Amino acid sequence: MSQFSAVQNFSRRDVLKLFGAAGGGLALGASGLSWSPMALAQNGEARLNLFIAIGEDDRVYLTCHRSEMGQGIRTGIPQVLADELGADWDKVVVVQGLADKRYGSQNTDGSRSIRKGFDKMREMGAMARTMLEQAAAERLKVPLAELSTADNKVTHSASGRSLSFGELAMAAAKLPLPEVTGLKLKSAKAFTHIGKGHTIVDMEAILDGSAEYGYDIQLENMLYASIVRPPVLGSKVDKLDDKAARAVAGVVDVITLPGHQGAPSFQPLGGVAVLATNSWSAAQGRKALKISWSESPNHGHDSSAYLAQLKRAVQKSGKPVRQLGEQSQSWPADKTIEAVYSVPYLAHAMMEPPAAAASVTDKGAEIWASTQTPQSAQGTVAAALGLKAEQVTVHVTLLGGGFGRKSKPDFCVEAALLSQKTGRPVKVCWSREDELQNGYLHAISAQYFKARVGDKAVEAILQRTGFPSISSTFAEGVDEPSASELDLGFVDVPLAIDSLRCESVKASAHTRIGWMRSVCNIQHGFGIGVFVDELASKRGLDTFTMWRELLGKDRQETFSDQQFNYGNYGETLERHPVDTARYKGVISAVEQKVKQMAKPEAGQGWGFAVHRSFTAYVAAASLVEVTQDKQLKVLKTVIAIDAGTLVNPDRVASQLEGAVMFGLSIALMGRISFKDGRVEQSNFHDYPLLRLSQCPEIETILVPSMAPPAGVGEPGVPPIAPSIVNAIFAASGTRIRDLPLSDHFKI
């Protein structure tokens, strides 16, 4: 099984051969990086964990240790490495990293690959460049300070002499790794790859069909598994009749998988697996199974009744989680407005459902998977098999979408357990139905807002949120949101008013709750985004002005003395401040664009929302049309982002476009519902995604900034739904507070 690569079809195994004991070239581990636990590079294994390698053929091999799911990270990380190195992009070969703790975190979620890796990758590039320059200085007998590096060459400009990277690679590899503290990084003005719209390195393979996804994995002597999982969380196989299944041609075995113990976490759900020599036989065998399931405490879960319960709960006192100023005791009827908003359960609904292949032998396990977290897959599989983590090798394929679902490696464990039981390689591919009915869901939620509106300003706001916590997936009995979930667009909106109180309420979980693109910013961005529009109506202002008024003077909010500690997505407020001026920057960018356009026609209206998440600021305005017979159409969306320094602007624009479509799917028709503990939806016919005919014209605005890179994958989602709902109010006078909009309009 070969590892795919991108710029050239060059396998990692070939790279290792090239740079092995007999090979020549420069191979850098991460031993000199202060951020990495790779003091490990002191041992010989470090040479096998490469970020940068340079062959005598002058090619530059750059390792991407994160997962590619369409966001372009296999291009973005090499861009940063190549820039500091001074590499010629045409000579770059991208190598996909295996699961390995020596890379540091490989979690490709939380919009953090560039945000967290930018400085570290620059250090790696600068380290390699310094070693090449040192080797050149010795070869040319010139002072190090007189050398410069660009286009795969080290040049002494005074003499006009230069040496290629390939010529220097062997000598440079023998030099000690420079100390990180002594590295000289480029100025932003000298960037040659950062800020350039390089085409993604996988583009050609994707277009010609040779790109390899989890579903594409083929192994010799491999079995295909199709698994029936419990229809209700917590239920187990009570009775099984598998005679008909075993009679299907091609079926090799039927194996009962035990249900999980304790909290679901990343454990498989259990069920019955039909294994066959081909996927069709496995599917037919699965259909022939006769299974009865045990009762579970979740059998009575009804999402409609549960949401009604949540909406009642948020209208009662909750647990204080933020207090700005004194708690308001005055809510006069003529000055007070209040509202309750809700968002249903949502599914990730990737085009490629989870898929993994496993080969388990007495020596260890090898996994091929479309995973966002190879290290988590490695550890979870090892624990399930009774192996050490280093006995499990995880290969990362391309992902046909992830959105957070493939950060949970339960499907990798299923394949590994079945391979261990059968003694043969096994591939597990979830079907669309499997994923919608047994995946991890974004939490159902309700939010309550109340405001006292004076003649000149909003004087007080009380807001509450209630939703089953993601923490319930990892610990039994959890019924309160975690602080990190409340940080996601609920407590961290920098409103400048006299009195602001935020509270949370309890909510129990009845299914596996998982993080989904934008996580809790989805419901929190919806609630505050629509409520500010309602405040604007009450104050007689446009929504742009209302937001500016609520944000107050330009400042960097510290949330000091407000009874909570803000997590800020794992970043310091010094590096990634909550900056009201940057809020206003994206607000103005969208406002100016909207004002340049023709005024809406009858039955049309613009709506606006702004939201900060994953340390990026995003504003969105949508133009909708609502007809007399309640046909809703979104005509145009303008979206602006300030995400600091942009590594690949083309990919940022693409991420925004994808976020608009993801947000539209949620707003217009996204809903998973439960009846008798079971998910009612099963495929795209009853959990539809946005179609081409429903997609509006999208205009993206990238606000220039020299600030540190922020996240870009998720921040575009939260303002979309409120911008549409606010536009509907502008177009029709109808105020919607519950998603999806398909409950209220023809879509």
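**Figure 1. Ring pairs build an aromatic cluster.** In this predicted model, ring pairs link Tyr341, Phe449, Phe526 and Phe531 into a cluster. The structure as a whole holds 13 aromatic pairs.

**Figure 2. Two tyrosine rings meet edge-to-face.** Tyrosine 583 and tyrosine 617 form an aromatic pair, with ring centres 5.3 Å apart. Their planes stand at 80 degrees, so the pair counts as edge-to-face. The cut-off for that label is over 60 degrees. Tyrosine 583 sits in helix H15, which covers residues 580-595. Tyrosine 617 belongs to strand E25, residues 616-626. The pair links distant parts of the chain, 34 residues apart.

**Figure 3. Arginine 405 lies over a tryptophan ring.** Look at the face of tryptophan 430. Arginine 405 lies over this face, 4.9 Å from the ring centre.

**Figure 4. Arginine 512 sits over a tyrosine ring.** Here the ring belongs to tyrosine 440. The charged end of arginine 512 sits over the ring of tyrosine 440, at 3.8 Å from its centre.

**Figure 5. Leucine 535 belongs to the largest nonpolar core.** This core has 120 residues. Which of them have the most contacts inside the core? They are Leu535, Trp547 and Leu741. Helix H16, residues 649-669, supplies the largest share of the core, with 10 residues.

**Figure 6. Leucine 535 has contacts from several parts of the chain.** Set aside the neighbours within four places in sequence.

**Figure 7. Arginine 464 and glutamate 503 join two strands.** The two residues form a salt bridge, and their closest N and O atoms are 2.6 Å apart. Where in the chain do the partners lie? Arginine 464 is in strand E20, residues 458-466, and glutamate 503 is in strand E21, residues 499-504. The pair therefore ties together parts that are 39 residues apart in sequence. Arginine 464 is buried, with a relative accessible area of 7%. Glutamate 503 is buried as well, at 4%.

**Figure 8. Glutamate 503 also meets arginine 501.** The side chains of arginine 501 and glutamate 503 form a salt bridge of 2.7 Å, N to O. Arginine 501 has 14% relative accessibility and counts as buried, because buried means under 20%. Elsewhere, salt bridges with shared partners join Arg229, Arg286, Glu414 and Asp434 into one network.

**Figure 9. Aspartate 253 pairs with arginine 246.** Their side chains meet in a salt bridge, with 3.2 Å from N to O. How open are the two partners: buried, partly exposed or exposed? Aspartate 253 is partly exposed, with a relative accessible area of 26%. Arginine 246 is partly exposed too, at 40%. The count for the structure comes to 40 salt bridges.

**Figure 10. Serine 613 is buried in strand E24.** Strand E24 covers residues 604-613 and contains serine 613. The relative accessible area of serine 613 is 0%, so this residue counts as buried. Which residues does serine 613 touch? Leaving out residues up to four places away in sequence, serine 613 touches Asn521, Tyr569, Pro715 and Pro718.

**Figure 11. Cysteine 412 is in no disulfide.** How many disulfides does a search of the whole structure find? The search finds 0. For cysteine 412, the nearest cysteine sulfur is that of cysteine 429, 12 Å away. A disulfide needs the two sulfur atoms within 2.5 Å. Cysteine 412 is buried, at 0% relative accessibility.

**Figure 12. Cysteine 520 is in no disulfide either.** The nearest cysteine sulfur to cysteine 520 is 14 Å away and belongs to cysteine 502. Cysteine 520 is buried, with a relative accessible area of 3%.

Notes. Residues numbered from 1 in each chain as written. Predicted model: local features only at pLDDT ≥ 70, side-chain atom pairs only at ≥ 80, totals over all residues. Heavy atoms only, no water. Core = buried A, V, L, I, M, F, W, Y, C linked by side-chain atoms within 4.5 Å. Buried < 20%, exposed > 50% of the residue type's maximum accessible area, 1.4 Å probe, protein only. Helix = DSSP H or I, 4+ residues; strand = E, 2+ residues; numbered from the N terminus. Contact = heavy atoms within 4.5 Å. Salt bridge = Lys/Arg side-chain N within 4 Å of Asp/Glu carboxyl O. Phe/Tyr/Trp six-rings, centres within 6.5 Å; stacked < 30°, edge-to-face > 60°. Lys NZ or Arg CZ within 6 Å of the ring centre and 35° of its normal.
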